[in-house]
Amino acid sequence: MEKITKEELLKAKIPGEETGIQVKTGFCGFCGGDCLLDFYIKDGKIIKTEGNCTLPGANGRVCVKGAAIKQALYNPDRILYPMKRVGKRGEGKFERISWEEALDTIAEKMQSVKEAYGPEQTMVYVGHPKWFRPQITEFVNKYGTPNYGTESSTCAYALMMANQCNFGQNIMLMPPDFGRCRTLVVWGVNPLYSNSVKGGAGFLHAVDRGAKVIVVDPKCTPTTEYAQLHLRPIPGTDGALALGMARVIITENLHDCDYIEKYAYGYEEYRDYVMDFTPEKVEEITGVPKNDMIRAARMIAAEGPTSIMLSASPVVHNINGVQNGRAIGLLMALTGNFGIPGGFAGPGPARAMLKDSFMGTKKDREHPEKGVNYGEFPAWDKLTSRELQVEHIADFLLGNGRYPIRNLISFGMNHHMWPRPDRIEEGMKQVEFFSCADLYMNDTCKYADILLPVAVTQEREQVELLGPQMVYYQPKVVKNQGETKNDMEILLELAKRLGFTLGNPAYHTYEEYLADRLSPTGLTLDELKEHGMMPAKHIMPARTTEDIMKVHTPTGKIEFVSTILNACKKEWHEGVPAYHDFRETLPMKEYSLILSTGSRKPQLFHSRTYRLPWLVNLEDCPIVELHPEDAENYNVKTGEMVTLETPVGQMDMEAVVNSSCLRGAVNVYHGAEDYDINLLVDDQYIDPISGFPGFKSYCCRIRKKEA
């Protein structure tokens, strides 16, 4: 047999002594997840990635974004050195400076504003990534500003608020029980696109086990192909659909009376409210055939245990989002599926814990009542006191809050993820001082006074859990490019300049932070480094149904009527999960199509992936997807240019006729800079409970663009 040459081995990227190619395992982190990849490294650079299949929790999968990680890591847009602005804001003209000058400048601006006007006139914003959120909360508390906010103001918190109103303030986002459910309701999420490596694998595991699947999604997707029943509600009408299901369950005596009697508050008022949502009315509101809705309700109630899979944003990116989310979640309480094996938020195994994990920490910010918009969203103030609701960041920067914001200190900020990013740009032009710590020179960075270069996941050590009890140490996969530092190193340097420390006990280096993070496991950083992976010595006891049912609501019971919302005494803050139709607030006669933005595509992650050739070249961007009947009505064919218009503006884009779309609704992905569809979404079109924008159910019209 002819010997394979070195050139052939190199071309095939085969690791070994002859090729000099090594394989190192680490986390992807591109979209914030903890998927494990094998990185093929040659001459200190990543040349290839594959999904890892050897470590606990890994399954050999890699999504298209992970496959393109080297284009992200070595992208020409990477910020590699500290820089200061030398041109006008927005021009993107910078010159290189030292880390000392950059950090000294930021600290000096923060300190001078604090002394002259008070710390509250400095705002701190964090977008992507999320791993250091607990520490930056401590940072802003010690500095003294209540004005700390994150992208979670339009990502996860509205669904958390819905869950907290129903099930208590210790409940956040609840994963489905793929391994034990008999019926799985996948509501407003497409796991084979949005979280394909882990969520998609879990979903397929449930399918392989024989779980019956109900998918609630206006679009046809790869996930809907596995459904026994696919309900396609008009975007924004999910709450009415859930209330209609509840009526069927109650009138057919399929609800769990003993469970409700023991664990629930306000059931009678809720029961009376849902009686108005007859199958005929729900069909009229949602467009879902009444017989399908009835069948789904019966499956949820009678073929349990039933679990629901929800994504952080789609259901709540509507102006009735929190109430819609509450209505969906309460189906689990109505049928006795909350807190049980195979149900919603079911019991879990004994687990190891890391200190101050992102979702596990409860570090409230100091004096939230001094926040720039305190009182605008009273339920938010009660339930998410850790952060400011920053939906109206444009107004804060333009001086329309309770007081001016003079400094904006940002980490991973992408203003294109908000409605009307053009208004935010006006605010970024006017703010007195603006710093950005980021991976890439994006549109937001172009307005900054100081830029700080941030390390990617593969350029920093990490300590993470793999499964319930195994602890894993990831060394740096590759050396830092340029002079990049990770976010924690930046925070520690700024804290030192501002005269305080982080951590208890205090840590002064990133390694000391990692050791402190590891402390609840009983392992030391040195021994974990030596072994690479070890079982934790200390673990938390298994969570039982009895533990879960000790809910942390004001009444101590699952609340079919939210006492927190009732106490707000504001419009749309009803205690029952009331349905308000978004169409009654919009000029639907003039703009008869429903605009839904951001529906997940496998190759895109907000605006970050537009800079990666492998991914952006898979599909023209941006495009407007519409149903064949709508296309025929507007005399539009695939590839033709149309003008899409909303009450706040218009934009030209390419049309794609797509039979997976719902008739009467069009879909456009967001974040494409000058062609960002969020420019056409009104930033006052928000859920009055959470402040979340109505990205999934705005209004528009299209017309064919003349040649």
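## Reading Ser-385 and its chain

Q: What does the side chain of Ser-385 make a polar contact with?

A: A polar contact is a pair of N or O atoms within 3.5 Å; within protein, one must be able to donate a hydrogen and the other to accept it, and residues adjacent in sequence count only if both atoms are side-chain atoms. Here the side chain of Ser-385 pairs with the side chain of Asp-364 at 3.2 Å. This is a predicted model: local features need pLDDT of at least 70, side-chain atom pairs count only at pLDDT 80 or more, and totals for chains, interfaces and linings use all residues. Residues are numbered from 1 along each chain as its sequence is written, and side-chain values use heavy atoms, with hydrogens and water left out.

Q: Is Ser-385 buried or exposed?

A: Buried means under 20% relative accessible area, exposed over 50%, partly exposed in between (1.4 Å probe, protein chains only). Ser-385 has 13%, so it counts as buried. Across the protein chain, 59% of the 707 residues are buried too.

Q: Which residues is Ser-385 in contact with, leaving aside neighbours within four places in sequence?

A: Contact means heavy atoms within 4.5 Å. On that basis Ser-385 touches Asp-364, Arg-365, Pro-368 and Trp-380.

Q: Where is Ser-385 found?

A: Helices (H or I, at least four residues) and strands (E, at least two) are DSSP runs, numbered from the N terminus. Ser-385 lies in the loop between α15 (378-383) and α16 (393-397). The protein chain has 24 helices and 25 strands, and its C-alpha trace spans about 70 × 60 × 55 Å along the principal axes.
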